[in-house]
Amino acid sequence: MSVFSKFDDIKTAFKALTDIGRNPFDIRFDKILSPTEAILDGRQILLFGTNNYLGLTFDQACVDASVQAIQDAGTGTTGSRIANGTYAGHALLEQKIAEFYSKRSAMVFTTGYQANLGLISTLAGRGDHLLIDADSHASIYDACKLSGAEIIRFRHNDAQDLKRRLGRLKDLPGSRIVVVEGIYSMLGDTAPLREIVAVKREMGAYLIVDEAHSLGVLGKNGRGLCEVDDVEADVDFVVGTFSKSLGAIGGFAVSDLPDFDLLRVACRPYMFTASLPPAVVASVTASLQRVTTDNLLGARVLANSRRLYHGLAKAGFEIGPEPNPIVAIKIADRETAVRFWNMLIDNGVYINLALPPATPGSQSLIRSSVSAAHTEAQIDRAIAVMTEMGFKLGILSEDSARIVMPAAE
Ligand SMILES: Cc1ncc(COP(=O)(O)O)c(C=O)c1O
């Protein structure tokens with residue numbers, strides 16, 4: 001038996017996908033023109049599937065900082081911080097992140113995935129209890145596996161279910177650690193953070209909030225859902241990524257807990273991997289500075305999100321519950337989703353195809369992400385293409401259009 005035979009089901013599903021059209025895992029752009037446009041297969045295409053929420057990937061200050069850092073410190077650190085040492089840029093970035101969140105400490109990781117993997121799997125060990133939302137990102141699930149702790153999933157966004165499950169642990173030893181996300185990555189809905197904080201306080205638990213999709217997007221100062229819901233003092237750890245709003249790669253965790261820095265010598269996904277290269281550290285420091293000083297960017301991405309969300313709702317698509325920068329169209333079946341996705345690309349709109357088992361409730365989704373850099377004309381063009389293709393495929397019909405609030409609201 002082949003070592004690969006365990007992947008037979010994946011192979012069959014993958015063949016069904018590629019029989020219809022493109023391989024969604026192997027899209028090759030000829031050239032990236034800007035945060036919102038690229039060349040794909042020789043033709044210009046609008047980018048609506050990038051997570052580039054603030055559009056900072058071509059920001060001149062970020063690019064200049066990156067280029068200068070390569071000149072000054074080279075292309076890479078060639079090792080981990082515990083072995084090869086910390087560069088001044090790493091320390092400065094950690095200081096800036098801690099200041100941004102007004103927290104005592106910040107730790108930078110090489111990816112957002114590793115930030116969750118490292119923080120969660122190190123904090124929770126054998127005899128502890130990890131309570132995670134059922135719709136958690138793969139990095140949270142993988143961290144649970146690595147931790148050795150008991151893993152308890154509670155119903156998505158259901159604080160009462162969390163409370164019930166914490167109640168069942170009443171007489172058991174071990175720490176209780178709850179993990180939720182600010183904005184969920186597939187449907188763009190937010191966590192009921194105030195209710196979760198109330199449960200955490202009543203039942204006695206630590207709380208980790210992953211703000212991967214909400215940093216720079218939500219909150220007057222861009223500090224995410226914790227800021228919007230005014231619960232920052234009750235959240236023990238905030239995790240985030242540099243790969244979305246901050247336009248690069250990397251991750252971080254912040255906390256006010258006095259022993260937090262112990263993780264630097266206990267957290268394997270921090271200790272045993274190379275640290276971020278100087279160019280990335282410099283561009284992230286510059287983009288964080290931009291977020292700190294320019295709150296128009298957050299306002300713009302939210303206005304753009306509402307434009308896309310209400311436009312698609314008005315056309316009659318079934319979409320996620322909240323107008324955040326992730327706007328997901330629910331499609332009745334997998335094959336139609338794959339056809340729709342191929343047609344959108346053929347007609348100049350690049351977007352994400354998200355299929356079970358990676359999606360909540362085993363739904364097939366066409367998932368777009370909106371950027372502050374999108375123009376209203378680009379958003380309207382995307383809505384028009386999605387609507388036209390939606391009619392062609394029978395996803396939409398004449399009576400599916402709904403009355404919704406205008407895009408400006
Ligand atoms: C909620 C959430 N957490 C963590 C990550 C991992 O971040 P990164 O891609 O920067 O490793 C992602 C990535 O999509 C995410 O959606």
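**Exercise 1. Describe how H4 and H11 pack against each other.**

Step 1. Start with handedness: H4 and H11 cross in a left-handed sense. This is a predicted model.

Step 2. Take the angle. The axes of H4 (residues 88-101) and H11 (residues 278-293) come within 10 Å and cross at roughly 20°. H4 is therefore roughly parallel to H11, because angles under 35 degrees count as roughly parallel.

Step 3. List the contacts. H4 contributes Gly89, His90, Leu92, Leu93, Lys96, Ile97 and Phe100, which meet Val281, Val284, Thr285, Leu288, Val291 and Thr292 of H11.

Step 4. Sort these residues by class. Eight are nonpolar, four are polar and one is charged.

**Exercise 2. Work out how H12 lies relative to H14, and which residues meet.**

Step 1. Find the angle. H12 (residues 296-315) and H14 (residues 376-393) have axes that come within 10 Å and cross at roughly 25°.

Step 2. Apply the cut-off. Angles under 35 degrees count as roughly parallel, so H12 and H14 are roughly parallel to each other.

Step 3. The crossing of H12 with H14 is right-handed.

Step 4. Name the partners. On H12 they are Asn304, Arg307, Leu308, Gly311, Leu312 and Ala315; on H14 they are Glu376, Ile379, Asp380, Ile383, Met386 and Thr387. By class, this contact of H12 with H14 holds six nonpolar, three polar and three charged residues.

**Exercise 3. Classify the crossing of H13 and H14, then give its contact residues.**

Step 1. The axes of H13 (residues 334-346) and H14 come within 10 Å, with a crossing of roughly 135°. H13 is therefore oblique to H14.

Step 2. H13 passes H14 in a right-handed crossing.

Step 3. From H13, Thr336, Arg339, Phe340, Met343 and Leu344 take part; they meet Val385, Met386, Met389, Gly390, Lys392 and Leu393 in H14. The contact of H13 with H14 divides into seven nonpolar, two polar and two charged residues.

Terms used. Residues are numbered from 1 along each chain as its sequence is written. This is a predicted model: local features need pLDDT of at least 70, side-chain atom pairs count only at pLDDT 80 or more; totals for chains, interfaces and linings use all residues. Side-chain values use heavy atoms; hydrogens and water are left out. Axes are lines fitted to C-alpha atoms, for helices over the stretch in contact, and angles run from 0 to 180 degrees between N-to-C directions. Helices (H or I, at least four residues) and strands (E, at least two) are DSSP runs, numbered from the N terminus. Angles under 35 degrees count as roughly parallel, over 145 as roughly antiparallel, 65 to 115 as roughly perpendicular and the rest as oblique. A crossing is left-handed if the near helix is turned anticlockwise from the far one by less than a right angle, and right-handed if clockwise. Contact means heavy atoms within 4.5 Å. Ala, Val, Leu, Ile, Met, Phe, Trp, Tyr, Cys and Pro count as nonpolar, Asp, Glu, Lys and Arg as charged, and the others, Gly among them, as polar.
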